[in-house]
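Let's go through some of the labels used for this model and ask what each one rests on.

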Amino acid sequence: MDRKIYLDNASTTYVSQEVLNEMLPCFNVLYGNAGSIHSFGRTAMGIVDKARDRIKEGINAQKSTEIYFTSGGTEADNLAILGVARAYSDKGKHIITSQIEHHAVLNACKQLEKEGFEVTYLPVDCSGLVSLPDLLHSIRKDTTLISIMSLNNEVGTIQNIKSIAKIAHDYGVIFHTDAVQAIGQVKIDVQDMEIDLLSMSAHKIHGPKGVGALYVKSGIKFDTLTYGGNQEREKRAGTENVPGIAGLGKAVEIATKNYSITNRKLKIIRDYFIEKLAEKVEYFQVNGHPYQKSNAIINISFYGVEGEALLMLLDLAGICVSTGSACTSKSLLPSHVLRAMNIPDDIAQGSIRFSFGTNISKADVDYVVDEIAKAVAKLRAISPIQAGRI
Amino acid sequence: MYYNRFIMERFKDPVNAGGMHGANAVGEVVKDHCNDMTRLYLKINDNNIIESARFKTFGCCASIVSADVTCDLVKGKTIDEALQITNEDVVRVMGELPANKEYCSVMAEETIRSAIEDYYKRREKEAKKKKSTID
């Protein structure tokens with residue numbers, strides 16, 4: 001089967017031609033070190049500054065010096081959480097996050113717990129939303145940081161970021177959001193939404209891998225995690241990844257500019273997909289919020305079928321998806337997100353995440369739905385669990 | 001590739017998949033940590049030889065293929081021989097399994113035991129029934 005359909009855009013995306021064009025000269029023509037004083041260095045610095053400006057425009061930051069480049073979303077999350085918690089540890093040692101965060105946030109919090117911090121992991125409801133009253137109740141006098149992701153990477157639920165930020169600020173707490181999936185899918189305006197820190201990554205928005213950025217509102221202190229040169233205003237040592245940064249700048253510019261048209265396209269694809277799927281397949285549920293959701297990410301549980309087996313059958317048909325369940329990871333437990341949403345394990349285990357890009361046609365969707373129907377029927381035929389009885 | 005060619009081929013077309021009419025031994029094992037479930041159907045004749053074996057699995061590729069291979073292994077064997085089959089035998093047939101998937105072959109081994117246990121229970125029940133009718 002030669003046909004290949006990539007429906008895993010939430011894990012990574014292809015680098016778009018415009019981004020690639022922006023990056024290519026940085027490899028062999030404009031290859032200076034942005035820290036050098038000579039003309040090559042100044043040109044490189046110019047490229048980095050241009051990218052900074054583009055990101056500033058994209059998220060409506062006040063100053064471009066509020067953007068710090070990192071090696072990706074994980075480092076941006078680590079820098080935000082560890083950096084802020086440590087910098088404000090004299091004020092308090094309590095931070096709040098949610099149970100459905102990415103591991104870049106969860107494991108940074110685990111590290112803080114080892115250092116003597118207390119962390120509250122807020123539960124979510126069955127649609128994946130953090131409850132605002134829960135948040136209010138968990139704020140203490142010694143709370144210094146709240147970190148809640150904007151858009152969940154597994155189920156696509158969008159949090160009430162503006163309200164959460166408002167609550168945080170009412171109590172004088174700093175607010176960080178992991179917006180790695182949200183850039184380009186949600187309108188981000190850090191000034192209007194009162195976001196203090198925001199993480200982003202290039203490769204989720206048709207940029208290159210290995211580069212991301214952290215927005216930090218001026219006036220907020222954070223400790224560095226890397227020790228070395230004085231790049232990024234002494235907050236992130238290491239020679240600037242100029243091609244990557246150029247790519248990130250362009251990718252953010254395109255993603256934020258095209259936000260509404262991309263969303264409209266994705267919504268058409270999503271609606272068509274679910275409509276077709278409902279015609280051809282019985283017994284499945286769509287996980288996540290009914291309307292406060294991403295148009296690109298659809299998480300579906302097929303009853304009586306195991307996710308990995310379904311993934312492999314779809315892969316044999318040239319369709320690339322991922323499982324909501326972490327069965328391929330060493331833990332073998334269903335996804336922590338679906339567990340937090342109180343979805344029973346045997347249903348969570350049959351979940352598949354489809355994440356669409358705008359390059360998918362209706363014919364592709366038809367093909368995908370047909371293949372899903374075939375694969376699900378095949379697996380249900382050999383499953384001891386009857387789908388209709390769950 | 002994550003799984004080897006043998007596993008992928010068997011996964012695409014499992015030989016022994018499906019239920020069985022007239023099975024006289026049914027074993028079922030559920031793994032707690034991953035919820036995978038395998039049900040093994042055996043038909044055992046009066047000479048204690050396993051005539052045929054089928055399976056149904058709710059689980060990943062490795063679980064499905066392990067169960068399929070187990071059916072191959074037990075066919076034609078006596079009960080005692082079948083009880084000697086270990087997960088290592090299953091892995092030997094399958095080739096290499098990803099490190100975190102070894103429990104799938106263990107599950108296959110456990111289903112054999114569970115099925116044979118079921119067989120003996122059924123025989124006991126029948127014997128009691130016979131006895132009560134004679135009495």
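Q: What makes β1(B) and β2(B) count as paired strands?
A: Pairing takes at least two bridges. In this predicted model, β1 (residues 25-30) and β2 of chain B are joined by six bridges and run antiparallel, so they pass that cut-off. One spot to look at is B:Glu28, which sits opposite B:Arg39 of β2(B).

Q: What lies between the strands in the hairpin of β1(B) and β2(B)?
A: Six residues separate the two strands, and B:Asn35 in this hairpin has a positive phi near 70°.

Q: How do you know that β2(B) also pairs with β3(B)?
A: Same test: at least two bridges are needed. β2(B) and β3(B) (residues 50-58) have eight bridges, again in the antiparallel sense, so they count as a pair. Within that pairing, B:Leu42 is bridged to B:Ala53 of β3(B). The hairpin they form has five residues between the strands, and B:Asn48 in its turn shows a positive phi of about 65°.

Q: Over in chain A, why are β2 and β4 called edge strands?
A: The open sheet there has seven strands in the order β2-β8-β7-β6-β5-β3-β4, with mixed pairing. β2 (67-70) and β4 (118-122) of chain A each have a single partner strand, so one side of each has no neighbour in the sheet. From one strand to the next, the twist averages 20°.

Q: What makes β3(A) and β5(A) a parallel pair?
A: Four bridges join β3(A) (residues 94-98) to β5(A) (residues 143-147), and the two run parallel; at least two bridges are required, so they qualify as a pair. A:Ile96 has A:Ile146 as its bridge partner in β5(A). Helix α4(A), residues 103-114, packs on this sheet, touching β3, β4, β5 and β6 (174-178) of chain A, and its direction makes about 155° with that of β3(A).

Q: How do you know that domain 1 of chain A touches domain 2 of chain A?
A: Contact means C-beta atoms within 7 Å. By that test, 21 residues of domain 1 of chain A are in contact with 23 of domain 2 of chain A, so the two domains do touch. The touching side of domain 1 of chain A has nine nonpolar, nine polar and three charged residues. The domain assignment puts domain 1 of chain A at 17-257 and domain 2 at 259-389, with C-alpha centres 29 Å apart.

Definitions and conventions: Residues numbered from 1 in each chain as written. Chains lettered and ligands numbered in written order. Predicted model: local features only at pLDDT ≥ 70, side-chain atom pairs only at ≥ 80, totals over all residues. Domains from an automatic or database assignment. Nonpolar A, V, L, I, M, F, W, Y, C, P; charged D, E, K, R; others polar. Axes fitted to C-alpha atoms, helices over the stretch in contact; angles between N-to-C directions.
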